[in-house]
Amino acid sequence: MTTIPASRSGAPLRRPRPALAPLLAVPALVMYVVFAILPLGGAVVLSFAQWDGLSQITWAGLGNWTSVLSDPVTWNAFVLTGKIMLVSVVVQTPISLLLGVFTAGRQRYREVLAVLYFVPLLLSSAAVAIAFKAILDPNFGVAAALGLPFLKQDWLGNPDLVLYVVIFVIAWQFVPFHTLLYQAGVRQIPSSLYEAATIDGAGRVQQFFYVTLPQLRNTIVTSGTLMVTGSLTYFDAVFVLTGGGPGYATRLLPLDMYLTGFTANQMGPASVLAVILVVVGLALAFVLTKFTGFARMQSDQEGV
Amino acid sequence: MTASATTGSPVRARATSRSRSTARTRPNWLGAIGGFVWLAIIIVPIYYIVITSLRSQAGFFSTNPLFPPLSPTLANYALVVQNDFGLYLVNSVIVTVASVVVTVAFALGAAYAIVRTRGRFVRSSFSLFLLGLAVPTHATIIPLYWFITRVHLYDSLAGLVLPSIGFAIPITVLILANFLRDIPKELFESMRVDGAGDLRMLVSLALPLARPAIVTVAIYDGLHVWNGFLFPLILTQSPDKRVLPMALWTFQGEYNVNVPGVLAAVVLSTLPIFVAYVFGRRYLVSGLTAGFSK
């Protein structure tokens with residue numbers, strides 16, 4: 001690298017500039033490795049250690065793993081996380097899809113509605129959760145105003161209801177985002193497909209099922225992947241809204257990890273939960289991207 | 001993506017508009033009803049937040065929660081402002097701006113390296129960035145807490161900025177690299193012939209051309225840092241280091257019974273983003289769906 005080749009005539013060639021380009025990746029790489037990748041390794045190390053967050057870290061062997069994996073609270077967290085993941089996808093996908101198709105229309109009123117649908121995205125998760133605490137209050141919230149008895153529930157105190165309340169609040173917060181994805185997806189569908197369908201005599205419902213839905217295949221996969229992997233990180237809103245309670249009713253995996261580590265001061269077991277979270281996250285991402293990659297092979301616009 | 005719809009021949013464009021107008025003659029009642037039901041679901045909570053924040057505390061307990069207050073008051077907002085709202089706002093701005101500026105600057109360099117070279121080092125760092133997209137932030141907080149305490153950055157704004165950068169970098173690099181890839185190679189080559197080095201090309205070619213992508217990704221990163229709750233929760237403690245979401249949470253803990261006050265804090269903390277939405281809706285929308293709406 002340091003020797004500069006001379007041309008045959010002996011005159012020095014123009015000095016080639018040092019290859020700077022690869023070095024430009026270094027700052028980003030350093031920040032990313034130090035603050036994201038190394039902590040990941042740190043979680044694995046700490047999962048075999050005993051630490052209360054303040055004093056000396058001591059070796060604990062496999063003790064954390066056996067205690068966490070035999071703890072019914074862990075399995076409860078697993079079941080809750082799975083449940084919230086599944087129900088969220090099932091609830092949010094059709095709503096976002098239909099709203100996306102609806103707002104893709106160019107009618108003036110639909111454009112106005114799309115502007116309003118977006119507003120929940122402006123609030124932080126903490127703000128959403130705090131607001132819904134007030135809204136769901138059985139005595140002073142919206143239920144009291146509407147005077148409907150079945151709305152006067154102790155939404156956040158009833159362990160049978162609270163998980164569905166959390167699912168609703170999360171849907172309220174995230175459906176607008178997925179609506180945007182579907183809106184963009186619908187607007188990419190070539191209008192020639194609809195023209196052809198119209199000529200073939202397809203009505204609105206048939207057009208939806210035979211043109212729109214198949215054309216949205218990739219968007220459905222993308223949005224679904226984001227919902228699934230996102231549901232592993234439902235923390236902020238749930239933490240502020242319920243704190244994982246009542247009892248263990250909304251103690252999802254990330255909450256279980258936080259509460260074990262920073263409230264019960266058991267960083268070792270909490271790190272075990274962190275490692276589990278990473279493994280589940282990577283496994284889901286891997287499976288889903290295989291699926292997505294497969295879907296991408298066949299273009300949406302095949303034969304257009 | 002949307003370009004394909006607009007680049008059609010004028011004849012086709014006219015045909016499209018005609019088919020749209022025939023669709024308009026048969027209104028989609030079912031769709032409209034559904035659309036307005038969802039509007040109610042979105043708007044009623046927001047309406048409740050806003051009108052309640054304008055209520056006196058006595059009014060909160062006595063009147064119907066959905067009726068507008070008879071004598072609206074800004075007292076709740078005054079209470080929030082007196083509780084150091086300005087300080088928290090400044091903290092949030094500092095953390096967000098610092099994180100976004102450093103993230104975008106570093107990520108642009110990395111994206112340039114990824115697009116312009118094909119060495120093994122750069123390629124493997126690209127796969128490492130890809131991996132970062134799948135790692136849940138939450139899983140790293142315990143070692144991060146240990147590390148930040150060790151380097152004496154616990155309870156400081158810098159301690160919030162550094163991990164925020166680390167976690168924003170992968171997606172930022174990927175979005176910028178995708179964009180830089182579309183810049184014609186000839187532009188780089190002709191600059192190289194003129195004797196420009198990588199740094200020159202990065203600053204005077206890649207940077208200006210990538211401006212739309214930079215705006216988009218900066219908004220995406222900025223919203224995430226601005227609304228972030230987990231890092232401040234774990235890495236800060238004292239009141240003078242609070243950012244807005246944290247301040248909101250502690251305010252709610254202190255003024256538990258003063259619901260109008262708490263909701264005024266919610267409104268005030270959302271106001272900056274709301275203003276941004278009003279003036280730059282297009283950018284905000286593109287920023288939010290950055291990298292996903294392909």
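This is a predicted model: local features need pLDDT of at least 70, side-chain atom pairs count only at pLDDT 80 or more; totals for chains, interfaces and linings use all residues.
Chain B holds 15 helices and 0 strands, and 49% of its 294 residues count as buried.

Q: Why is Leu271(B) called partly exposed?
A: The relative accessibility of Leu271(B) is 39%; buried would require under 20% and exposed over 50%, so the residue falls in between and counts as partly exposed. Leu271(B) is found in helix α14 of chain B, which spans residues 259-279.

Q: What makes Leu271(B) part of a nonpolar patch on the surface?
A: A patch takes residues with over 30% relative accessible area and no salt bridge, and joins nonpolar side chains, Leu among them, within 5 Å. Leu271(B), at 39%, passes that area cut-off, and together with Phe274(B), Val275(B), Val278(B) and Phe279(B) forms a patch with about 500 Å² of accessible area.

Q: Which residues of helix α4 of chain A are buried, and how do you know on which side of α4(A) they lie?
A: In α4(A), residues 108-117, the buried residues are Arg110(A), Leu113(A), Ala114(A) and Tyr117(A). Because they cover an arc of only 105 degrees around the axis, they are placed on the same side of α4(A). An α-helix has 3.6 residues a turn, so residues three or four places apart point the same way.

Q: What do the buried residues of α4(A) pack against?
A: Their partners are α3 (72-104) and α7 (162-187) of chain A, together with α3 (29-53) and α14 of chain B.

Notes. Residues are numbered from 1 along each chain as its sequence is written. Chains are lettered from A and ligands numbered from 1 in the order in which they are written. Side-chain values use heavy atoms; hydrogens and water are left out. Patches are made of residues with over 30% relative accessible area and no salt bridge: like charges are joined within 9 Å, nonpolar side chains (Val, Leu, Ile, Met, Phe, Trp, Tyr) within 5 Å. Accessible areas come from the Shrake-Rupley method with a 1.4 Å probe; for residues, only the protein chains shown count as cover. A salt bridge is a side-chain nitrogen of Lys or Arg within 4 Å of a carboxyl oxygen of Asp or Glu. Helices (H or I, at least four residues) and strands (E, at least two) are DSSP runs, numbered from the N terminus. Buried means under 20% relative accessible area, exposed over 50%, partly exposed in between (1.4 Å probe, protein chains only). The arc is that of the directions from the helix axis to the C-beta atoms. Contact means heavy atoms within 4.5 Å.
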